[in-house]
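Here is a note for someone opening this entry for the first time. Please read the points below with the sequence and the 3D view side by side.

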Amino acid sequence: MNLPCDKCEEMLQPYLDRVLSDVERVEAEGHLEGCDYCRRRYRFEEHLRQYVRVVAEEPMPPELKAKLAALRTPL
Amino acid sequence: MGYGAVMAETPETDARRIATEARDRVRFEEEALDLADQVYRVARRLVQSREEAEDLMQDAYARAFRSWRSYTPGTNLRAWLLRILTNLNIDRARKAQRTPATQPMEEGDYFLYDKLEATNGEPLRDEERVVERLSQDSVVDALSAVPHDFRDVLVLVDIGDFTYQDAAQILDIPIGTVMSRLHRGRRILKRELAETAVGDDA
């Protein structure tokens, strides 16, 4: 049980980045349907990426916007 | 007024040209400022501190406003701004020699999941909830532990939402290098997360 699925690991990143060709994507999805081991890891990876994106967000300090605006060439 | 017909046209044409240019410049400045929040989101994660990010933004915008003529209207302005910003950042890092020459540690793609599962003692039920057990601080710390070259690509693609192609143009590296650095950067990130976030929990 829990043997690493090499094929899947190879396709994980390009699959999630949506850069696989249609044929490869269908192949990947076909495999995911039948492989619980990989499916869990794919879902985890997908959530992890979304999570990193959300928690890494830090709004721009409002005073910075004013400083940037002041850098414009005067009319 | 003593000017011939042709002569009389010149000052007027000049005035019109200057007015057109001023209008184009103002439009460029407005568009660039409208994108500042999105540019900052990326800039903030390219550097360690908020102060550095603010300095970098000001340097980048000052340069962008000076060289606005080299921007081609209709092309991706956010990518254009970030190209200026990442170049400045790379120059700074080089001057400060901040990047340590250590080889980053990385593990396979499933490393973090497997470690979380091992910590849990049974198969993880809900992947979304599992991810949310990682604290915000640990994610931010792990991200800043990823070495420069890998982090630049990771931040542009995974936080800035740029395509491989855009990231390649912004950083002026081949697309194959973007892909390999991205892949390795994510593996380094997950290894760092496994170390910092999961270690204490066990």
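1. Helix 4 (residues 77–96) of chain B and helix 9 (residues 164–171) of chain B pack at an angle of about 45 degrees, and their axes are 8 Å apart. Axes here are lines fitted to C-alpha atoms, for helices over the stretch in contact, and angles run from 0 to 180 degrees between N-to-C directions. Helices (H or I, at least four residues) and strands (E, at least two) are DSSP runs, numbered from the N terminus. The angle makes helix 4 of chain B oblique to helix 9 of chain B, given that angles under 35 degrees count as roughly parallel, over 145 as roughly antiparallel, 65 to 115 as roughly perpendicular and the rest as oblique.

2. The residues that make this contact are Ala79(B), Leu82(B), Arg83(B) and Thr86(B) on helix 4 of chain B, with Asp166(B), Gln169(B), Ile170(B) and Leu171(B) on helix 9 of chain B; two residues are in contact if their C-beta atoms, placed from the backbone, lie within 7 Å. By class, four are nonpolar, two polar and two charged, where Ala, Val, Leu, Ile, Met, Phe, Trp, Tyr, Cys and Pro count as nonpolar, Asp, Glu, Lys and Arg as charged, and the others, Gly among them, as polar.

3. On provenance, this is a predicted model, in which local features need pLDDT of at least 70 and side-chain atom pairs count only at pLDDT 80 or more, while totals for chains, interfaces and linings use all residues. Residues are numbered from 1 along each chain as its sequence is written, and chains are lettered from A and ligands numbered from 1 in the order in which they are written.

4. Chain A has four helices and zero strands. Its radius of gyration, taken over C-alpha atoms, is 21 Å, well over the 11 Å that the globule rule (2.2 Å times the number of residues to the power 0.38) gives for 75 residues, so chain A is more spread out than a compact globule. The C-alpha trace of chain A spans about 65 × 25 × 15 Å along its principal axes.

5. Where the chains meet, 28 residues of chain A are in contact with 34 residues of chain B. Helix 1 (6–16), helix 3 (36–55) and helix 4 (62–69) of chain A each supply at least two residues of the side that touches chain B, and the largest share, 11 residues, comes from helix 3 of chain A. By class, that side of chain A has 14 nonpolar, three polar and 11 charged residues.
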